[in-house]
Amino acid sequence: MKVNPNYANLQDSYLFSGIRRRIKAFLDVNPEAKLIRLGVGDVTRPLPPAVVEALSAASQEMGDAATFRGYGEEQGCVFLRSAIAGYYAKKGVTLDETEIFISDGAKSDLANILDIFSESNTVAVPDPVYPVYVDTNIMAGRRLVYLRGTPENGFLPTPPVDLDADIVYLCTPNNPTGAVYTKELLKEYVDYAIRRDAVLLVDAAYEAFVRDPGLPTSIYEIEGAKQCAIELSSLSKTAGFTGTRCGYTVVPQELMREGVSLNKYWLRRQTTKFNGVSYVIQRGAEAVFSETGYAQAMENVDYYLENAALLREGLSKLGIWFVGGQNSPYVWLKCPDGLSSWEYFDKLLNEVHVVGTPGAGFGQGGEGFFRLTAFGKREDVEEAMQRLSTLRQ
């Protein structure tokens, strides 16, 4: 018996596991400290009422022999796929229900989608980067190349002329930097992928935060994208499903490589390895896309965007450089006084009891930067900014 040797190439722990250990060590010594957590991107607002009503009604169905349901479609219930297709139609994007796959969240599919690709492919990821993109490919032994985001390019790297990649990850609005790609910049990637016969894996988990009508919320708003892009999204941040778990992946029928349909390959993978999302959860997800449910979900998103505005205002007053926080729940700041990412993490934790995320955990390009999230409670965000102001005095 042999184990997968690629796991030895991973860092010792997943980023947020390391943060939890550091926090535990701090609280062991300071049990009375009131921490304000603006690090992990978990939501704090409850599920929209329309979703709760749908979950409750579906649960009642499952308790009645006349309406009980067993195994469902691995691809997802038609009623939910139809609702998502209707949501895309409002963006001006036409999707067939067969192109939509329901999942338990974008994170799972960002990893699982790799099953349909050869391990010999070269993968390009942005840097700074959501760790899942990197770790899942290291586990498979794929070669990685990095597209460096910097203050000079607004943390929105474009494909360099010498890029030689078969798979390219994009995240817009970006985690961790909060930067959002324009249609013009995304078109450069679409053109590259078509020219190179590559595939774009586009993480759109935060698309509901985009309020600027001039910015795209789907890769399929870009001409030619159905020939080269797979889009993955989630209801975690759109509608508070972090503890409920539901997302979706779009694989267009037009997307062909080496004479085969990637939609067909993904369907084959899902029907073999996945039993689908529960009926109850899918009914709750369907309610998100109703007129009432979506309006309620957007009230929560607006709340987080207001938090982000408070973070931006507070950092501006302190003279701290940052990007993000507009059309995004993340604010990406430059660590003051030349501190490293982990030094700044420890400083905030120990001196003002505020928890963020060190940029170094998102790759080499994140060193010297720091991520704050807008998913906290309003009073916590306000107090955190007050505490940071005392730190700067």
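Buried means under 20% relative accessible area, exposed means over 50%, and partly exposed is in between, using a 1.4 Å probe and protein chains only. By that rule Tyr330, at 1% relative accessibility, counts as buried.

Some housekeeping. This is a predicted model, in which local features need pLDDT of at least 70 and side-chain atom pairs count only at pLDDT 80 or more, while totals for chains, interfaces and linings use all residues. Residues are numbered from 1 along each chain as its sequence is written, and side-chain values use heavy atoms, with hydrogens and water left out.

Now the rings. A pair of aromatic rings is described by the distance of the centres and the angle of the planes. Rings of Phe, Tyr and Trp (its six-membered ring) pair if their centres lie within 6.5 Å; planes under 30 degrees apart count as stacked, over 60 as edge-to-face and the rest as tilted. The structure holds 23 aromatic pairs. In one of them, the centres of Tyr206 and Tyr330 are 5.1 Å apart and the planes stand at 75 degrees, so this pair is edge-to-face. Tyr206 is also buried, at 6% relative accessibility.

Which residues do ring pairs link into a cluster? They are Tyr206, Phe209, Tyr303, Tyr304, Tyr330 and Phe375.

The charged end of Arg45 sits 4.2 Å from the centre of the Tyr303 ring, and Arg378 lies over the face of Tyr303 at 4.4 Å from the ring centre.

Key:
Lys NZ or Arg CZ within 6 Å of the ring centre and 35° of its normal.
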